[in-house]
Amino acid sequence: MTRPLSWLALCCVHGAVSVVVWWSGGHWTDALIWHADTWTQHPWTLWTSAWVHLNAPHLIGNLLVLGAYLTIGWVVRPGGRCTLAWLLAWPLVQLSLLLWPDVRQVVGLSGLLHAGALVVAVHLALERLPIQRARFWGVLLAVAVLSKVALEQAWQRPVLWDSTHELFVVQVAHLAGVTWGILLGLLTAWWPARADSARD
């Protein structure tokens, strides 16, 4: 059975570009950051902002999650439909943050990673992925991620200061991520199964 090359490739792109941006440093990275009041003049930031990280712990934490996603990609084989859903969530998560005036800018992969988790969870729960007990693992993954987001209460605390890592955490990006992950996961899960083989 073929491996999910598109999902694995996207994970590698996020990881590699994030490391390059961090290693390069410099003020030029400011041009990659999404700002709520200027993004229409810099539309590329809907995508590039995800690759910018504020400090080493921020980057390392997201890279560790990406490593888990690579493992998921190898084991459960999320196909082209999952990859497409994750790609569509990329700018939509950023745009959703316009609903919260407290969010002036956002960087990092965390919102997008939450979206990816729910995309896979939905496809597993609907038994669209070829592994044993797919529904059980999908529900378990969804419950774990949704419980985390519920505990964060992002609708009340959209932005929170993290004194441990010395940065502001845009928790509402996590909420936007799981919302789009569910919606796009459901949308792409309805497609014919043969669509996967055409995209991988």
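The legends below describe close-up views of side-chain contacts in a predicted model. Residues are numbered from 1 along each chain as its sequence is written, and side-chain values rest on heavy atoms, with hydrogens and water left out. Because the model is predicted, local features need pLDDT of at least 70 and side-chain atom pairs count only at pLDDT 80 or more, whereas totals for chains, interfaces and linings use all residues.

**View A. Trp 7 and Trp 86 form an aromatic pair.** The structure holds six aromatic pairs, a term for rings of Phe, Tyr and Trp (its six-membered ring) whose centres lie within 6.5 Å, with planes under 30 degrees apart counted as stacked, over 60 as edge-to-face and the rest as tilted. The ring centres of Trp 7 and Trp 86 are 4.5 Å apart and their planes stand at 25 degrees, so this pair is stacked. Trp 7 belongs to helix α1 (residues 5–24) and Trp 86 to helix α4 (residues 80–96), so the pair ties together parts that are 79 residues apart in sequence; helices here are DSSP runs (H or I, at least four residues), numbered from the N terminus. Trp 7 is buried at 0% relative accessibility, and Trp 86 is likewise buried, with a relative accessible area of 1%, where buried means under 20%, exposed over 50% and partly exposed in between (1.4 Å probe, protein chains only). Ring pairs also link Trp 7, Tyr 69 and Trp 86 into a cluster.

**View B. Trp 161 and Phe 168 form an edge-to-face pair.** The centres of these two rings, Trp 161 and Phe 168, lie 4.9 Å apart, with their planes at 65 degrees. Trp 161 is partly exposed at 45% relative accessibility, while Phe 168 is exposed, with a relative accessible area of 54%.

**View C. Arg 135 and Glu 127 are joined by a salt bridge.** The structure holds two salt bridges, each being a side-chain nitrogen of Lys or Arg within 4 Å of a carboxyl oxygen of Asp or Glu. Between Arg 135 and Glu 127 the N to O distance is 3.5 Å, and Arg 135 is partly exposed, with a relative accessible area of 45%.

View D. Glu 152 is buried at 12% relative accessibility, whereas Lys 148 is partly exposed at 35%.

How values were computed
Helices (H or I, at least four residues) and strands (E, at least two) are DSSP runs, numbered from the N terminus.
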